[in-house]
Amino acid sequence: MKLYFSPLACSLASRIALYEAGANATFVEVDPKTKKTSDDQDFHEIAPLGLVPVLELSDGQRLTENGAILQYIAEAFPEAALAPLAPSDTLGRARLRQWLSFIGTELHKGLFMPLLSKDASDGAKSFALSKRDSRLDLLERHLEGREWLLDSFSVADAYLYTVLNWAMVTPVKLSQWPRLDAYHARVAARPSVKRAFSEERFLYGKELLLRAPRAALAFVRA
Ligand SMILES: N[C@@H](CCC(=O)N[C@@H](CS)C(=O)NCC(=O)O)C(=O)O
């Protein structure tokens, strides 16, 4: 398998899932600005919208959309137990999809994307911010007495961890939601997550150094 990714973007969730699964995977970096890949392809030829992640399978077929890729990895490596998979567990399987949809729509695109985008207007940013408390309050309530979104660690946790990382560069202060903050730290402590994060943080810092050396210095110090 080959994962097309950009450092610290939502594709980090797929990298975490691949590490958790022990998958034999390679990784191709996509420059989000030029859309060139680290193996010198035009990423638009691979993904028409130019969005990571893309997972390329051994027969060359490609999958897009984080939610679909994460479920694919969980199903391709059942021994890693990254999702409820039993055919009889209809509700468990639906709960996984529920959380993946919530993270993808309410958090990734609804809350964080406008806050992170240089192109979003102030109006778009404040509209997104108006959704912050209700969405994070919901997670805070859900995490009462729970370690993970489902009964055990799943690909949904990899995705939620990834979008919560973006809080540090937005007006979302996780310390206001103590259970969510502790949950974020709990996911961050998993060996697969530590490895994925430190690899991508390094690549992100490298990119930043080329483009904005001052910002890179601040990033390294943070
Ligand atoms: N619907 C897609 C969205 C993916 C997405 O937004 N990817 C971002 C990184 S988090 C991206 O590639 N952005 C580059 C761009 O907007 O040009 C999914 O869920 O996979």
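This is a predicted model: local features need pLDDT of at least 70, side-chain atom pairs count only at pLDDT 80 or more; totals for chains, interfaces and linings use all residues.

The shell around the ligand divides into five nonpolar, three polar and three charged residues. Here Ala, Val, Leu, Ile, Met, Phe, Trp, Tyr, Cys and Pro count as nonpolar, Asp, Glu, Lys and Arg as charged, and the others, Gly among them, as polar. The shell includes Ala 9, Cys 10, Gly 50, Leu 51, Val 52, Pro 53, Asn 66 and His 108, where near means a heavy atom within 4 Å. Residues are numbered from 1 along each chain as its sequence is written.

Which charged side chains reach the ligand? A polar side-chain atom of Lys 35 lies 2.7 Å from a ligand oxygen. For Lys 109, the distance to a ligand oxygen is 2.7 Å. A side-chain N or O atom of Glu 65 lies 2.6 Å from a ligand nitrogen. Taken alone, the ligand exposes 510 Å², and the protein buries 72% of that (Shrake-Rupley method, 1.4 Å probe).

Now the rings. The whole structure holds six aromatic pairs (ring centres within 6.5 Å; planes under 30 degrees apart are stacked, over 60 edge-to-face, the rest tilted; Trp counts by its six-membered ring). Tyr 19 and Phe 27 pair edge-to-face, 5.7 Å centre to centre, with 70° between the planes. Tyr 19 is buried at 15% relative accessible area, whereas Phe 27 is partly exposed at 24% (buried is under 20%, exposed over 50%, partly exposed in between; 1.4 Å probe, protein chains only).

Definitions and conventions: Side-chain values use heavy atoms; hydrogens and water are left out. A polar contact is a pair of N or O atoms within 3.5 Å; within protein, one must be able to donate a hydrogen and the other to accept it, and residues adjacent in sequence count only if both atoms are side-chain atoms.
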